[in-house]
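Here is a short briefing to read alongside the model. Have the viewer open and follow the topics in any order you like.

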Amino acid sequence: MAMLHIVNKSPFEKVSFRSCLNHVKPGDSVLMIEDAAVGALDGTSFSDKLKTAMGDVSVYVLGGDLVARGLSEDRMIDGIKTVDYAGFVDLTVKNETTQSWL
Amino acid sequence: MAAKKFMFVNRKAPYGTVYALESLEVVLISAAFEQDVSLAFIDDGVYQITKGQNTDGIGQKNFSNTYKALGDYEINKLYVEKESLEERGLTQDDLMDLVWEDEDDDWAEKPSIILVDRSEMADVMAEQEVTLSF
Amino acid sequence: MKFTIMINEGPYQHQSADSALQFCRAVLAQGHEIFRVFFYHDGVNNGSSLSVPPGDDRLIQKEWSELSKENDLDLVICIAAAQRRGLMDEDEAKRQGFESNNMIDGFRISGLGQLIEGGIESDRTVVFGD
């Protein structure tokens with residue numbers, strides 16, 4: 001069963017995001033919302049960790065949360081897809097289960 | 001309807017916030033619904049089940065004994081992650097002795113804590129149908 | 001598809017109430033059903049009728065209330081969590097001997113079993129919190 005992992009914490013402040021990546025299974029999806037959106041950027045102390053995970057899982061970011069924090073898609077790690085709330089809902093439908101890494 | 005697989009994920013230490021206590025209240029209620037319930041203790045969640053908790057100095061109720069009652073409610077799959085313990089300098093010896101009595105085995109006392117490594121924890125999480133995190 | 005949404009944080013302090021509101025609107029817009037929205041921990045404060053934010057800010061509790069009316073949503077506040085935090089509807093206030101109550105229209109107060117039932121009855125359960 002594929003799982004949608006929802007993360008909402010900055011990887012620079014809390015361990016939730018790293019913990020999530022340590023528990024994903026191939027074929028799962030990870031969606032960054034709220035403060036976790038900052039994890040989408042390339043060239044950070046976290047980006048290598050996320051890039052490694054992207055070999056096995058699909059990674060998405062909620063676009064509204066990214067731009068709200070003054071960040072733009074062109075600075076994101078290649079391969080991360082931007083979704084809106086409709087896309088968020090689609091991801092919960094496409095994956096059989098969800099887990100929020102609070 | 002077949003029982004659903006419910007997992008309650010505990011990632012936070014007790015007392016500093018109310019999440020651990022109120023999570024436990026949900027777990028106890030879930031027992032009445034005869035679902036297939038598991039608990040996961042990862043990251044700081046492992047501090048919820050350390051033995052020797054004493055809250056005399058902080059003015060809060062010590063609710064750690066409630067975990068010992070879970071076995072009586074047939075909640076007996078408490079998955080604890082080895083790496084989370086190790087990162088915090090803990091071993092299973094630092095945890096409460098949580099057990100349940102197996103009705104089908106002459107009420108033999110069996111451990112409720114299932115020590116798993118990180119990849120086994122990921123496998124258990126992947127099997128769940130409803131995952132509630134606090 | 002049938003959804004149950006759990007919300008663990010109150011309005012304003014954390015973004016989770018805003019995120020959950022947006023998510024619920026998107027779920028409904030796509031023709032899915034929301035079986036229940038369950039408010040737990042400080043999330044019960046989403047049901048307060050006594051919130052007065054500055055005029056240029058959103059009034060999250062009212063947005064829930066209106067969304068509930070427009071879509072006949074079942075917004076459930078956990079009674080145990082609400083009692084701890086001083087949130088009560090008219091019946092509960094009377095029962096506890098208080099003269100006033102502070103729950104906004106569109107919410108109802110009930111037990112934790114409603115959350116488990118939501119998980120059982122729904123195809124998807126999504127948690128918002130901090």
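In chain A, 59% of the 102 residues are buried, where buried means under 20% relative accessible area, exposed over 50% and partly exposed in between, with a 1.4 Å probe and protein chains only. This is a predicted model, in which local features need pLDDT of at least 70, side-chain atom pairs count only at pLDDT 80 or more, and totals for chains, interfaces and linings use all residues. Residues are numbered from 1 along each chain as its sequence is written, chains are lettered from A and ligands numbered from 1 in the order in which they are written, and side-chain values use heavy atoms, with hydrogens and water left out.

**Chain A as a whole**

- Chain A has four helices and five strands; helices (H or I, at least four residues) and strands (E, at least two) are DSSP runs, numbered from the N terminus.
- Along the sequence these elements follow the order β-α-β-α-β-α-β-α-β.
- The radius of gyration of chain A is 12 Å, close to the 13 Å from the globule rule for 102 residues, so chain A is as compact as a globular protein of that length. This radius is taken over C-alpha atoms, and the rule is 2.2 Å times the number of residues to the power 0.38.
- The C-alpha trace of chain A spans about 35 × 25 × 25 Å along its principal axes.
- Of the contacts (heavy atoms within 4.5 Å) in chain A between residues at least 6 apart in sequence, 72% join residues at least 24 apart.

**Two spots in chain B**

- Ser84(B) sits in helix α3 (residues 82-87) of chain B and is buried, with a relative accessible area of 0%.
- The side chains of Ser84(B) and Glu81(B) make a polar contact at 2.9 Å. Such a contact is a pair of N or O atoms within 3.5 Å; within protein, one must be able to donate a hydrogen and the other to accept it, and residues adjacent in sequence count only if both atoms are side-chain atoms.
- Leaving aside residues up to four places away in sequence, Ser84(B) touches Ile42(B), Asp43(B), Val46(B) and Arg118(B).
- Arg118(B) is also among the buried residues of helix α4 (residues 118-126) of chain B, which include Met121(B) and Val124(B).
- At the start of α4(B), a side-chain oxygen of Asp117(B) comes to within 3.2 Å of the backbone nitrogen of Ser119(B).

**Chain C and Gln61(C)**

- Chain C holds five helices and five strands, in the order β-α-β-α-β-α-α-β-α-β from the N terminus on.
- Buried residues account for 57% of the 130 residues in chain C.
- Gln61(C) belongs to helix α2 (residues 60-71) of chain C and counts as buried at 3% relative accessibility.
- The Gln61(C) side chain reaches the backbone oxygen of Asn45(C) at 3.4 Å and makes a polar contact with the side chain of Ser51(C) at 3.3 Å.
- Not counting residues up to four places away in sequence, the residues that Gln61(C) touches include Pro11(C), Tyr12(C), Ile104(C) and Phe107(C).
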